[in-house]
Amino acid sequence: MLKYLLRRDSKKGLALVTANFGGLDVVKPLPPRFGIDAFYYTDEATRDATSVEARRTWTRILVPNYPRFDFSPRLRGRYFKHQIHRLDEVRGHRFLVWADASLALHDLDFLREGAKRLAKLPPHKRVLLVPHPDRRTIQEEFDFIESQMSKGDEYLRVRYAEEKMREQMEDFRARGWSLQSPLWCGTIWMMENSELLRSAWDDWWDQNLRFGMMDQLSLHPVLAHRGIEPQPLQINLWNNSHFSWVKHVKLA
């Protein structure tokens, strides 16, 4: 039944994508991935440093010659996240999954079950997101980051001090987009590879180019703007049986 649900519109089933540039993370091996194609986009140095055993767990580890090489490593990685539907290797798959390179995946059954769940829903509900474990709204997230940076949090300062988060929140307000929008994790998610969702992901990418890479702030507003109702994957990002977060090799 699951095979039928994933293939009924002539697309392949499920594709998992990860990207990692600048040596921020190491390539982590995947658990058995029956029915899932998995693609890891990285630079030559990271690929060459990966063990043969880890390489074999992925469908392909690719060294792309795009997007622009003057992008920072983080922005290059974001292209593969927000423009996942444009990647030649996955454009023919029905469901697309993003997982940050910081994640060590322990099982993939929850992704197969997630695709089965989404396939039964109306098209505007075929997005699976993880609720943020610590804060509820984008306003709370914005306030938290601002507060922590003012207290000298080096990790957040390096990542977000130069971003235009204030301008972004003002833009949301001017558009009439709610600052009480739910806060979702951008760490791992699933979307149907449909015209509706591709348009929303293009909007999400535009937000990154215009305002910066704190992409959790813009995720729900751009979805709500297009009438998309994401479905929650009710797990705790920091403590669950499906994956664990591994500290970056370098400060990102």
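Tutor: Asp109 is partly exposed, at 47% relative accessible area. On this scale, buried means under 20%, exposed means over 50%, and partly exposed lies in between, with a 1.4 Å probe and protein chains only. The model is predicted, so local features need pLDDT of at least 70 and side-chain atom pairs count only at pLDDT 80 or more, while totals for chains, interfaces and linings use all residues. Numbering runs from 1 along each chain as its sequence is written, and side-chain values use heavy atoms, with hydrogens and water left out.

Now the partner. Asp109 meets Arg112 in a salt bridge, 2.6 Å from N to O. The term requires a side-chain nitrogen of Lys or Arg within 4 Å of a carboxyl oxygen of Asp or Glu. Arg112 is buried, with a relative accessible area of 13%. Both residues sit in helix 5 (residues 109-119), three residues apart, so about one helical turn separates them. Helices here are DSSP runs of H or I with at least four residues, strands are runs of E with at least two, and both are numbered from the N terminus. An α-helix has 3.6 residues a turn, so residues three or four places apart point the same way.

Helix 8 (residues 165-175) repeats the spacing: Arg173 and Glu170 lie there three residues apart, about one turn of the helix. Their closest N and O atoms are 2.6 Å apart, in a salt bridge. Arg173 is partly exposed, at 43% relative accessibility. Glu170 is partly exposed too, at 47%.

Next comes a pair that spans the sequence. Glu192 and Arg126 form a salt bridge of 3.1 Å, N to O. Glu192 is in strand 7 and Arg126 is in the loop between helix 5 and strand 6 (127-131), so the pair ties together parts 66 residues apart in sequence. Both Glu192 and Arg126 are buried. Salt bridges also link Glu44, Arg47 and Asp48 into a network. The whole structure has 19 salt bridges.

Turn to the nonpolar packing. A nonpolar core is a set of buried Ala, Val, Leu, Ile, Met, Phe, Trp, Tyr and Cys residues joined through side-chain atoms within 4.5 Å. The largest one holds 45 residues, and Tyr41, Ile84 and Trp201 touch the most other members. Helix 9 (residues 195-211) contributes the most, with five residues. Beyond its neighbours within four places in sequence, Ile84 is in contact with residues including Val17, Tyr79, Trp98, Trp189 and Trp201; contact means heavy atoms within 4.5 Å. A second, separate core has 30 residues, among them Leu103, Ala119, Val130 and Phe243.

Helix 4 (residues 73-82) is mostly covered, with nine of its ten residues buried.

How do helix 4 and helix 9 pack? Their axes are 9 Å apart, at an angle of about 165°. The axes are lines fitted to C-alpha atoms over the stretch in contact, and angles run from 0 to 180 degrees between N-to-C directions. That makes helix 4 roughly antiparallel to helix 9, a label for angles over 145 degrees; under 35 is roughly parallel, 65 to 115 roughly perpendicular, and the rest oblique.

Asp202 is partly exposed, at 22% relative accessibility. Leaving out residues up to four places away in sequence, Asp202 touches Gln83, His85 and Arg86. Gln216 is 14 residues from Asp202 in sequence and 15 Å away in space, C-alpha to C-alpha.

Gln216 is one of the buried residues of helix 10. Helix 10 (residues 216-225) has eight of its ten residues buried, so the rest of the structure largely encloses it. Those buried residues pack against strand 6, helix 6 (138-150), helix 8, strand 7 and helix 9. Just after helix 10, Gly227 takes a positive phi of about 75°.
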